[in-house]
Amino acid sequence: SKLVTDVICPFCGTLCDDLEVEVSDDGKQILEVRNACAIGATKFLHSQASDRIIRPRMKQDDGTWKDVSYAEAAKYAAKILCEAKKPLMYGWSSTSCEAQATGHMIAEQVGGIVDNTATVCHGPSLIAVHDVGIPSCTLGEVKNRADRIVFWGCNPAHAHPRHMSRYSIFPRGYFTGKGSKSRKIIVVDPRPTDTASLADYHVQVEQGRDYELLNAIRVAFKNGPLPDVVAGVPKEKIYEVSRVLKSGRFVVIFFGMGVTHSLGKNHNIDEAIAVTSDLNAYTKASIIPMRGHYNVTGSGQVLGWQFGFPFCVDLSRGFARYNPGETSSNDLLLRNEVDACFVLGSDPGSHFPNKSVQEIYKLPSVCIDPHMTPTAAVSKCHVPVAFVGVEVGGSCYRMDNVPIESRKVVDPPAGMLTDDEFLKLVLAEVMTIKGAA
Ligand code: SF4
């Protein structure tokens with residue numbers, strides 16, 4: 001066997017880059033995955049599943065699947081995209097930046113809507129950044145400098161398991177040589193989570209009252225008056241936490257969907273960013289969203305370079321428009337505005353409301369995914385592809401916007417295409433149809 005080192009984990013936005021994978025001499029089989037957490041290791045091992053689907057399939061009238069070639073699947077995808085007035089091209093968060101760029105070329109040709117998983121995740125954070133900017137930093141700075149860590153509305157113990165050991169709670173950094181003893185941890189969450197059990201301060205905010213609590217912390221920074229209880233938290237605790245934050249050398253606030261998708265949405269993040277800005281009057285402070293899919297940050301980056309907006313990009317009028325709430329996937333699906341659906345690198349069948357999934361089921365649709373997902377199950381065509389970060393490399397962006405090159409560790413099954421290769425086939429078919437039109 002041989003050992004592949006410095007492998008990145010293509011699962012969550014922590015994008016751990018220290019994995020070691022033992023592979024068989026012929027480079028076809030993964031024998032062992034070292035250093036990854038349980039969810040990361042499982043992704044590598046899933047690629048080895050004996051029941052893996054390895055050929056594209058079209059759904060027949062009786063609901064059964066019929067194997068087709070990649071060329072036939074690409075022809076079908078190009079046809080439905082070209083025939084549609086407003087095709088939705090959704091996903092992009094679990095693939096490489098190179099594949100994203102190819103997908104965007106198709107979207108430009110067919111006048112599609114390109115949206116990524118931020119639409120049901122950190123979209124409100126991106127809107128808040130448009131409003132007020134973001135004082136941020138890298139995870140390397142967090143490890144080496146941060147002595148006050150806040151987890152607000154996120155639970156890395158489950159969603160980003162190695163974040164705490166690599167960057168935020170336990171590691172010994174240059175100015176944080178005593179590891180977790182160098183840091184004070186504050187968790188703001190209505191529930192007693194596993195992350196909260198590691199905290200010095202667990203602030204049990206009432207569900208949906210984050211905005212008030214953030215506002216009260218800003219008042220407490222200035223020793224202003226507070227009611228006895230704000231958002232379910234006694235004022236003494238709010239003053240104490242604000243003192244702990246102000247006394248730090250470097251504060252970092254990590255936040256998740258508990259704040260982005262509870263009452264207030266992007267305004268919660270406006271206020272969290274305001275807390276961070278206020279803190280910079282006393283010490284140094286930064287704020288980082290806990291991004292979920294391993295390359296959702298990359299999708300926002302690539303869309304940003306190419307069209308100027310990080311998600312919900314509507315190209316149906318021949319130029320880029322952006323208006324979350326109008327041009328966002330669920331709003332379009334629920335208003336029946338979409339007439340074809342192309343999904344790559346995400347599983348809206350699991351994450352979207354039932355009504356949206358029912359709408360996808362009715363539409364001409366293609367799902368490009370290595371797994372048999374709920375989205376694949378409701379789509380008319382399922383195209384399995386190689387796992388990015390396992391069977392093919394490519395550029396990805398970590399949650400702190402640092403680009404990292406992922407590595408190939410094993411060969412994909414014989415004859416299997418990568419996302420980018422399949423997208424290039426679709427693009428060629430689209431160009432043929434457009435040329436003939
Ligand atoms: Fe992979 Fe995330 Fe686990 Fe790191 S923390 S090994 S990136 S799933």
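I'll start with a helix pair: in this predicted model, helix α8, residues 210-221, packs against helix α11, residues 266-279, at an angle of about 15 degrees, and their axes are 9 Å apart. Angles under 35 degrees count as roughly parallel, so α8 is roughly parallel to α11. The crossing of the two, α8 and α11, is left-handed.

Which residues make the contact? From α8, they are D210, Y211, L214, N215, I217, R218 and F221. From α11, they are H267, N268, E271, A272, A274, V275, D278 and L279. By type, the residues of this contact of α8 with α11 comprise eight nonpolar, three polar and four charged.

Now the domains. The assignment divides the chain into domain 1, covering 2-46, domain 2, made of 57-120 + 294-436, and domain 3, covering 123-289.

I'll take domain 1 and domain 3 as a pair. Their C-alpha centres lie 31 Å apart. On the domain 1 side, 11 residues are in contact with domain 3, and they meet eight residues there.

How much area is buried between domain 1 and domain 3? The figure is about 700 Å², with carbon and sulfur atoms giving 57% of that. Three residues of domain 1 stand out here: T14, C16 and C37 supply 52% of the area that domain 1 buries against domain 3, more than any other three residues.

To recap, α8 and α11 pack with a left-handed crossing, and domain 1 and domain 3 bury about 700 Å² between them. That's what I have for today.

Conventions
Residues are numbered from 1 along each chain as its sequence is written. This is a predicted model: local features need pLDDT of at least 70, side-chain atom pairs count only at pLDDT 80 or more; totals for chains, interfaces and linings use all residues. Side-chain values use heavy atoms; hydrogens and water are left out. Axes are lines fitted to C-alpha atoms, for helices over the stretch in contact, and angles run from 0 to 180 degrees between N-to-C directions. Helices (H or I, at least four residues) and strands (E, at least two) are DSSP runs, numbered from the N terminus. Angles under 35 degrees count as roughly parallel, over 145 as roughly antiparallel, 65 to 115 as roughly perpendicular and the rest as oblique. A crossing is left-handed if the near helix is turned anticlockwise from the far one by less than a right angle, and right-handed if clockwise. Contact means heavy atoms within 4.5 Å. Ala, Val, Leu, Ile, Met, Phe, Trp, Tyr, Cys and Pro count as nonpolar, Asp, Glu, Lys and Arg as charged, and the others, Gly among them, as polar. Domain bounds come from an automatic or database domain assignment. Buried area is the accessible area (1.4 Å probe) that two parts lose on being put together, summed over both.
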